[in-house]
Amino acid sequence: METKNSSQPKDKHFLIAVDGSESSKRAVLYVADIVGGFPGFAVTLLSIIPEPEEDFFDSEEEQIAWTKEKFEAANRMLENYRQVLIHAGFLPEKVRIRSCVGEERSFSEAILDMRCDLSCCTVVVGRHHKSKTEEFLFGSTSTKLIREAKNCAVWVIE
Amino acid sequence: MSSGSNGYTEKDLRGMVRRWVSADRVPKRVRVKDTSDFFRVDYDDVVILGGTPYFVRNNEREGRFGLEDEPKFWVKRAIDLLTGETKVLKWVFRERFEARIGNLVFDCVRSPQKEARILELVRGRGDFMQGTTEQDSAGHPLRILDYIRGRTLSQITPLLGSDHESFFYDHFPIVLDEYIGVVEAIRFLHQSGEKHGDIRRDHLIKDETTGRYRWIDYDFNYRHGESRFAYDLFGLGNILVFITGRGDVTTNRLLTEAPGILDRLSPDDVNIVFHNRVANLKKVYPYIPKSLNRVLLHFSAGSQVYYETTEELLEDLGEAREELERR
């Protein structure tokens, strides 16, 4: 059995970074449509908690409570998306969920770090339709991913 | 003697006050006030912080969000009764609010901890306001800031030269060098993982004793998105456009002073956020070098690429500085 397993090609591993937005939903549905039901694919659904800096909290307890609540909400959302992918034909054991706090890193850095850790071949994100001013003042994760990603494909879903 | 007087009698304190203010300003009674509530501390009171008595003078004022000269009750000028130095005492005033720029709304906070942290970080630097932090009687960080004598960049710049052309040829190279210096100061903050948070031209005071600009007021923080420092860079860009134009060049001003130039402007030429301010200043002042104008265009509505780090901005400013020198 061991010999057989080691000779099997590795799954193509997709990393889908999501938040609560409609564009994230579109990204998940797109992957479900394109590769759902085909063998040889695995997906990790990732949510990054955009924790504000310590200055935004009156106490450490407040910060811990905030983060805990966001983690719970993120995990609920990820589980919903996991079910979407399973319904689309992914084997349950091939769809994993991860959530983490952004900390000092930007979203794109956190996503690319995770991609590297999990050796994903493709990063998938939804495109948030930001105004030019918004992109100027706060940046764009998808633009940054396209610019900074190495050794992988980046799908930005409209 | 009140419990918080740290061993100073009222007679001691009156004697100390007399050393630093004229006789007609010495109050008949000197009250030592508890430091936990800034609303209870008034003009002519004394507060004791870290063992040092401070004689409280007026509240500081600040124009902001269109409200000119709003008193800041949590910020009071005071005299250090041991040295006679003027200080600015800044009590804890936590504020969480939504800032609005056009249709954009984002979370901001006024954080005494942040300012205390940065005061430690920039200790001894001539390009930042200096100060220390002491705990008030409730254990909150109260900042004791050195008072900076001088005018702000927004007061100084429009007075240089008799018109824009004389300003640009006679003063601007020095002004640009000073600007590069203040951007380098912000680079230091960013490299240390801190934002300024409220970069604007009246938060730069030219210290009369050193002749150098100092950044002031670091207690604001904003919730950043993908780009941690972009909002600070936006502030730096606005200052650059302001100094290059020797003030704000607004579409309204052009309408009355130079309607022909206004006709030549396109929607891409204005500030990306403030659409009534012109960013493409070369169309107004053709002698502005291309390399400098290219930097300005990064802050225009037509820009396709934006600065994300002070390093990128400084690199382009270096080129602009070189081109100015060659002229």
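**View 1. B:Glu95 and its bridge partner in the predicted model.** B:Glu95 has B:Arg110 in β6(B) as its bridge partner. Strand β6 of chain B covers residues 104–110, runs antiparallel to β5(B) and is joined to β5(B) by seven bridges. Strands are DSSP runs of E with at least two residues, helices are runs of H or I with at least four, and both are numbered from the N terminus. This is a predicted model, in which local features need pLDDT of at least 70 and side-chain atom pairs count only at pLDDT 80 or more, while totals for chains, interfaces and linings use all residues. Residues are numbered from 1 along each chain as its sequence is written, and chains are lettered from A and ligands numbered from 1 in the order in which they are written.

**View 2. The open sheet of chain B.** The order β5-β6-β12 describes an open sheet of three strands with antiparallel pairing; two strands pair if DSSP finds at least two bridges between them. At the edges lie β5 (95–101) and β12 (220–222) of chain B, each pairing on one side only.

**View 3. Contact of α4(A) with α6(A).** Helix α4 (residues 107–118) and helix α6 (residues 141–148) of chain A pack at an angle of about 50°, and their axes are 9 Å apart. Axes are lines fitted to C-alpha atoms, for helices over the stretch in contact, and angles run from 0 to 180 degrees between N-to-C directions. In α4(A), A:Phe107, A:Ser108, A:Ile111 and A:Leu112 meet A:Thr141, A:Lys144, A:Leu145 and A:Glu148 in α6(A); residues are in contact if their C-beta atoms, placed from the backbone, lie within 7 Å.

Conventions
Two residues are in contact if their C-beta atoms, placed from the backbone, lie within 7 Å.
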